[in-house]
Amino acid sequence: MSRVRAVLATSLVALTALTACSSSSDKPDSASGGNKPASSPEPKPITKELSQAHLTQALLGVGETLPGYTVHSPKSTSEGQSCGAADDDSTPKGWARGSDVDYEYNGSTVNMAALYICLFDTAEDAHSAYASWKGHEANKEQKPKRPVGDENTLVINPGSSDDSVHGYVRSGRVNISVLIDGATGGDPSGAQAMLSAALKRLQQLQDGKPATVTAADEQAGARQ
């Protein structure tokens, strides 16, 4: 488990007794049956058995993440517990593999960010892990301005944090999370851009193409 996630787990343990309110969007593909608005075409879900190398390539690297952020340590292979709830050290059902990377802001480890990508055996397994991964603070959740993946939410100032945003996405068999604590965490658009970029990179790799989308690309597109 990376340094950022380990710190977050401690601050979120006290909140696990709260009850989350599930929305109609928080259901696996096979169960939802809902349709996205015509202006938001259905994204291509991640359904293939992506390799460890694919997950690592999809992580945003040097020059690919938000302005001011640099890679703190090399991209790494995640353990199963990093793909479940922050207060649970067990590996979620159906977990296959994962990758993660930490970022520091303007050379400081006081304000950091992290990106996690987790692949599961089925979309149902991914949905179950996603539901627990995003926590139990429904009162702090908001939907991204632009839909990302099959299920998505942003948690604003989780736990007792300030100027922080945690974003979560499920697309088919894959879950993606972005954790931004301090620095640019007061602006949810940064987390949304990172989530969108990571998912599009996975889609490129699933189609046999190189991963080229960056967070800056997604931020620019959102402003148009």
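A residue counts as buried when its relative accessible area is under 20%, and as exposed when that area is over 50%. The exercises below concern a predicted model.

**Exercise 1. State what share of the residues in the chain is buried, and describe the surface of the chain.**

Step 1. The chain has 224 residues, and 49% of them are buried.

Step 2. The accessible surface of the chain is about 9,900 Å². Carbon and sulfur atoms hold 52% of this surface.

**Exercise 2. List the secondary structure elements of the chain in order.**

Step 1. Count the elements: the chain has six helices and eight strands.

Step 2. Read them from the N terminus on: α-α-α-β-β-β-β-α-β-β-β-β-α-α.

Step 3. Turn to the contacts between residues with a separation of 6 or more: 63% of these join residues 24 or more positions apart.

**Exercise 3. Find the disulfide of the chain and work out its handedness.**

Step 1. Apply the cut-off, a pair of cysteine sulfur atoms within 2.5 Å. The count comes to one disulfide. Its partners are Cys83 and Cys118, with sulfur atoms 2.0 Å apart.

Step 2. Look at the torsion about the S-S bond of Cys83 and Cys118. This torsion is about -85 degrees, so the disulfide is left-handed.

Step 3. Because Cys83 lies in the loop between strand E2 (76–77) and strand E3 (95–105), while Cys118 belongs to strand E4 (residues 108–120), the pair ties together parts that are 35 residues apart in sequence.

Step 4. Check the burial: Cys83 and Cys118 are both buried.

**Exercise 4. Decide whether Asp150 is buried or exposed, and find what lies 2.7 Å from a polar atom of its side chain.**

Step 1. Asp150 sits in the loop between strand E5 (141–142) and strand E6 (151–156).

Step 2. The relative accessibility of Asp150 is 9%, so this residue counts as buried.

Step 3. A polar atom of the Asp150 side chain lies 2.7 Å from the backbone nitrogen of Gly172.

Notes: Residues are numbered from 1 along each chain as its sequence is written. This is a predicted model: local features need pLDDT of at least 70, side-chain atom pairs count only at pLDDT 80 or more; totals for chains, interfaces and linings use all residues. Side-chain values use heavy atoms; hydrogens and water are left out. Helices (H or I, at least four residues) and strands (E, at least two) are DSSP runs, numbered from the N terminus. Buried means under 20% relative accessible area, exposed over 50%, partly exposed in between (1.4 Å probe, protein chains only). Contact means heavy atoms within 4.5 Å. Accessible areas come from the Shrake-Rupley method with a 1.4 Å probe; for residues, only the protein chains shown count as cover. A polar contact is a pair of N or O atoms within 3.5 Å; within protein, one must be able to donate a hydrogen and the other to accept it, and residues adjacent in sequence count only if both atoms are side-chain atoms.
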